[in-house]
Amino acid sequence: MKLATKYIHAGAEPDPSTGAIMTPIYQTSTYVQEAPGKNKGYEYARSQNPTRKALEDALAIIENGKYGLAFGSGVAATDAVIKLLNPGDEVICGNDMYGGTYRLFTKVFERFGIKFHYVDMTQIDNIKSVLTNNTRLVWLETPTNPLMNITDIKAVTDLVKGKNILVCVDNTFASPYLQNPLDLGADIVMHSVTKYLAGHSDVIQGSLSMNDKELREKLYFIQKSCGAVPGPMDCFLVLRGIKTLHLRMKAHCENGKIIAHWLRKNKKVGKVYWPGFEDHPNHCIAKNQMRDFGGMLSFTLKDDSVETAMKVLSSTKIFSLAESLGGVESLINHPASMTHASIPRAERIKNGLTDSLIRLSVGIEDAEDLIFDLKQAIG
Ligand SMILES: Cc1ncc(COP(=O)(O)O)c(C=O)c1O
């Protein structure tokens with residue numbers, strides 16, 4: 001199936017009880033059983049829910065996988081992956097990634113004896129240099145939040161093939177419309193569904209998609225045992241969101257490209273981080289593994305002061321100053337004090353995330369209006 005057909009029909013079976021074309025919101029905590037153990041496959045809603053089941057089928061299909069699992073947030077999905085590990089196990093991950101993931105790794109899981117190596121993953125040799133016999137997982141975010149760095153997914157999966165090391169890709173920034181890591185050899189794809197999949201800034205949710213049945217069973221066990229499941233209403237909203245993913249992503253990419261080029265020409269703007277530029281250090285890899293370059297970008301100002309950045313951040317009228325990304329409306333964000341505040345300053349600066357960096361989630365409004373807004377804010 002081509003992308004549009006896939007997104008519109010993924011997981012959508014007419015409801016068996018009524019034929020309803022849209023999956024109903026099964027707002028129930030439990031299911032009546034005929035006799036102990038004799039039921040219709042549904043026992044208790046933390047373990048199974050028909051609305052969630054339809055969404056999980058869709059999450060598998062849109063990532064070209066066999067299985068999908070939905071979680072109460074993106075962070076809960078990440079948490080489930082790390083719970084596959086044991087004390088003493090080692091994880092290799094990026095030194096530029098979503099601040100909440102970094103916080104989960106450093107503040108929660110390091111306490112349980114899991115060791116994380118934070119490296120610049122754009123260079124495969126950096127990954128090689130921290131591989132040990134205890135490495136059990138490579139956690140890969142590409143493009144990264146917020147510096148839009150790109151890692152070669154296939155090169156990473158080839159590197160660890162046959163070594164009993166899982167590769168999990170946080171595919172939030174790309175969405176399945178732009179990139180399908182399972183096709184490149186990854187074991188698990190994680191999404192903050194909150195973002196492009198839901199697409200309308202009205203849901204918090206996470207997902208995992210995979211091909212291996214045994215891995216699915218392990219993750220399902222963690223999902224039901226730890227209990228970070230999403231409610232049926234949220235699952236319904238995401239099922240609806242996925243149906244327009246292709247239309248929204250196309251518009252995000254078009255606007256992202258226009259704004260990236262406009263920013264680059266603006267005399268007050270310093271550096272623009274967007275993988276679609278031919279001189280982006282990993283442009284060729286992005287071109288190879290992505291279908292387009294997306295609507296996320298970051299930039300600095302020539303006057304690299306926090307004060308000027310703050311003025312821009314609070315002067316936009318269409319771009320709303322808010323955390324999150326991937327909704328239809330444009331957002332402007334200050335990673336240092338907002339999404340990435342949990343990363344110690346010295347660590348942030350060392351990895352290139354400056355105090356004045358501004359991140360945009362370019363929405364699908366009219367590009368002319370967005371440029372007009374940026375122009376009046378930046379000058
Ligand atoms: C790249 C990335 N991964 C994971 C997350 C966490 O997702 P959630 O906020 O749905 O828990 C986010 C949230 O901003 C993100 O940007």
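**Notes on the predicted model**

1. Helix H2 (residues 50–62) and helix H9 (residues 232–242) have axes that come within 8 Å and cross at roughly 35 degrees. For the record, axes here are lines fitted to C-alpha atoms, for helices over the stretch in contact, with angles running from 0 to 180 degrees between N-to-C directions. Helices (H or I, at least four residues) and strands (E, at least two) are DSSP runs, numbered from the N terminus. The crossing of H2 and H9 is left-handed, i.e. the near helix is turned anticlockwise from the far one by less than a right angle.

2. Before going on, some bookkeeping: this is a predicted model, where local features need pLDDT of at least 70 and side-chain atom pairs count only at pLDDT 80 or more, while totals for chains, interfaces and linings use all residues. Residues are numbered from 1 along each chain as its sequence is written, and side-chain values use heavy atoms, with hydrogens and water left out.

3. Who touches whom between those helices? On the H2 side you'll find Thr51, Arg52, Ala54, Leu55, Ala58, Leu59 and Ile62, which meet Pro232, Cys235, Phe236, Val238, Leu239 and Ile242 of H9 (contact means heavy atoms within 4.5 Å). The residues of this contact split into 11 nonpolar, one polar and one charged.

4. Next, an open sheet of seven strands, ordered S1-S7-S6-S5-S4-S2-S3 with mixed pairing; two strands pair if DSSP finds at least two bridges between them. Strand S1 (67–71) and strand S3 (115–119) are the edge strands, each pairing on one side only. On average, neighbouring strands of this sheet are turned by 20 degrees against each other, direction ignored.

5. At the S3 end, strand S2 (residues 90–94) runs parallel to S3, joined by five bridges, and Glu90 stands opposite Lys115 in S3. Helix H8 (residues 213–226) packs on the sheet, touching S1, strand S5 (166–170), strand S6 (188–192) and strand S7 (206–210), and its direction makes about 15 degrees with that of S1.

6. What surrounds the ligand? There are 14 residues, the closest being Val75, Asp170, Ser192, Thr194 and Lys195 (a residue is near a molecule if one of its heavy atoms lies within 4 Å of it). A polar backbone atom of Val75 is 2.9 Å from a ligand oxygen atom. An N or O atom in the side chain of Ser192 is 2.8 Å from an oxygen atom of the ligand, and a polar side-chain atom of Thr194 lies 2.6 Å from a ligand oxygen atom.

7. Some backbone spots to look at. Most residues other than glycine have a negative phi, and most peptide bonds are trans. Thr142 and Pro143 are joined by a cis peptide bond, omega about -5 degrees, and Asn145 and Pro146 by a cis bond with omega about 10 degrees. Pro143 sits in the loop between strand S4 (135–141) and helix H6 (153–160). Asn64, in the loop between H2 and S1, has a positive phi near 55 degrees.

8. Finally, an open sheet of five strands runs S8-S9-S12-S11-S10 with mixed pairing. Strand S8 (269–273) and strand S10 (320–321) are at the edges with a single partner strand each, so one side of each is left without a neighbour in the sheet. Strand S9 (residues 296–301) pairs with strand S12 (residues 358–361) in the antiparallel sense over four bridges, where Ser298 has Arg359 as its bridge partner.

Technical notes:
Ala, Val, Leu, Ile, Met, Phe, Trp, Tyr, Cys and Pro count as nonpolar, Asp, Glu, Lys and Arg as charged, and the others, Gly among them, as polar. A polar contact is a pair of N or O atoms within 3.5 Å; within protein, one must be able to donate a hydrogen and the other to accept it, and residues adjacent in sequence count only if both atoms are side-chain atoms.
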